Amino acid sequence: SATILAACTFGSASAADLVVGFSQIGSESGWRAAETTLTKQQAEQRGIDLKFADAQQKQENQIKAIRSFIAQGVNAILLAPVVATGWDEVLQEAKDAEIPVILLDRTVDAPKELYLTAVTSDLVHEGNVAGKWLVDTVAGKSCNVVELQGTTGSSPAIDRKKGFEAALAGKDNLKIVRSQTGDFTRTKGKEVMESFLKAEDGGKNICALYAHNDDMAVGAIQAIKEAGLKPGKDILVVSIDAVPDIFQAMAAGEANATVELTPNMAGPAFDVLATYLKDGKEPAKWIQTESKLYTQADDPMKVYEEKKGLGY
Ligand code: GZL
């Protein structure tokens with residue numbers, strides 16, 4: 001079961017003097033960059049010596065980094081796994097070395113005993129919230145949807161698709177007509193949206209875009225404008241992360257909804273780690289962060305200002 005992360009506080013165990021290796025995916029999105037900033041801040045505040053490794057979105061670089069952390073004899077490893085498969089062997093090596101691994105923001109298809117806990121949102125739920133917003137917004141109107149998927153094989157891409165499709169199940173007026181990965185980046189999101197627009201008669205019969213993250217949505221908004229259409233009006237835009245730039249787009253009427261993902265996954269991770277290392281108490285296998293829908297009705301520029309201070 002998940003420990004819903006609300007206002008809960010953790011034991012007073014101190015994390016000071018710990019050496020923690022962090023295998024980060026890269027900086028493919030504004031959200032990921034904020035997660036890195038906050039992780040470094042959280043480590044600093046706790047007196048943790050953080051060894052940081054940026055994998056440039058390559059799994060083999062993450063596996064190399066984990067092996068290096070094991071060789072260094074770190075106390076623990078944080079891993080944001082770029083894809084869901086291919087981790088069993090290196091996680092077993094960390095377990096054999098008695099180095100606990102905590103997953104951040106994505107999950108892996110590996111036996112649960114190979115990691116201490118996973119600090120993530122409910123990725124299926126996020127997709128479902130986005131889908132439900134679209135179903136409610138179009139009401140009975142027929143609506144062709146295009147989808148920009150996250151990184152192929154990553155748990156957010158798999159789960160956000162699943163949740164969105166579940167929300168549209170049985171709604172004959174809504175149809176996903178094109179779906180392709182934009183790899184969570186603005187550049188790719190723009191490129192793929194351009195191809196969707198070309199393939200769909202200049203975008204005339206596209207009613208909505210669902211992007212698995214805001215960065216791809218922001219890129220796609222550019223492509224929609226360059227095609228002479230009005231994003232947020234001719235083509236509704238719903239995405240996930242709630243990074244500052246999507247609120248700027250909302251304030252300009254160019255985006256419609258986003259589902260918030262906190263970039264502070266490391267704070268809770270460091271807290272359960274300190275408690276575990278102090279008294280050996282195993283935390284729940286999943287520490288769930290909250291998801292919240294924001295729309296144009298939520299004073300987007302005020303939210304933008306608030307977000308600007310939080311690691312972005
Ligand atoms: C989701 C996280 C995703 C973000 C993207 O938990 O893994 O990765 O939604 C990032 O912005 O690329």
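In this predicted model, an open sheet is built from six strands, arranged in the order E8-E7-E9-E10-E11-E13 with mixed pairing. The edge positions go to strand E8 (174-181) and strand E13 (293-295); each has a single partner strand, so one side of each is left without a neighbour in the sheet. On average, and with direction ignored, neighbouring strands of this sheet are turned by 20° against each other.

Strand E10 (residues 236-241) runs parallel to strand E11 (residues 257-260), and the two are joined over four bridges. Within this pairing, Ser-239 has Thr-258 of E11 as its bridge partner.

Helices also pack against the sheet. Helix H5 (residues 155-168) lies across strand E7 (143-149), E8, strand E9 (208-211) and E10, and its direction is at about 170° to that of E8. Helix H6 (residues 186-199) packs on the sheet as well, where it touches E7, E8 and E9 and makes an angle of about 135° with the direction of E8.

For Glu-28, a polar side-chain atom lies 2.5 Å from an oxygen atom of the ligand. Asp-241 likewise places a polar side-chain atom 2.6 Å from a ligand oxygen atom. In the side chain of Arg-32, an N or O atom is 3.0 Å from an oxygen atom of the ligand. On its own, the ligand has 320 Å² of accessible area, and the protein covers 100% of this.

Technical notes:
Residues numbered from 1 in each chain as written. Predicted model: local features only at pLDDT ≥ 70, side-chain atom pairs only at ≥ 80, totals over all residues. Heavy atoms only, no water. Pairing = 2+ DSSP bridges. Axes fitted to C-alpha atoms, helices over the stretch in contact; angles between N-to-C directions. Contact = heavy atoms within 4.5 Å. Polar contact = N/O pair within 3.5 Å; in protein donor to acceptor, adjacent residues only side chain to side chain. Areas by Shrake-Rupley, 256 points an atom, 1.4 Å probe, with all protein chains shown as cover.
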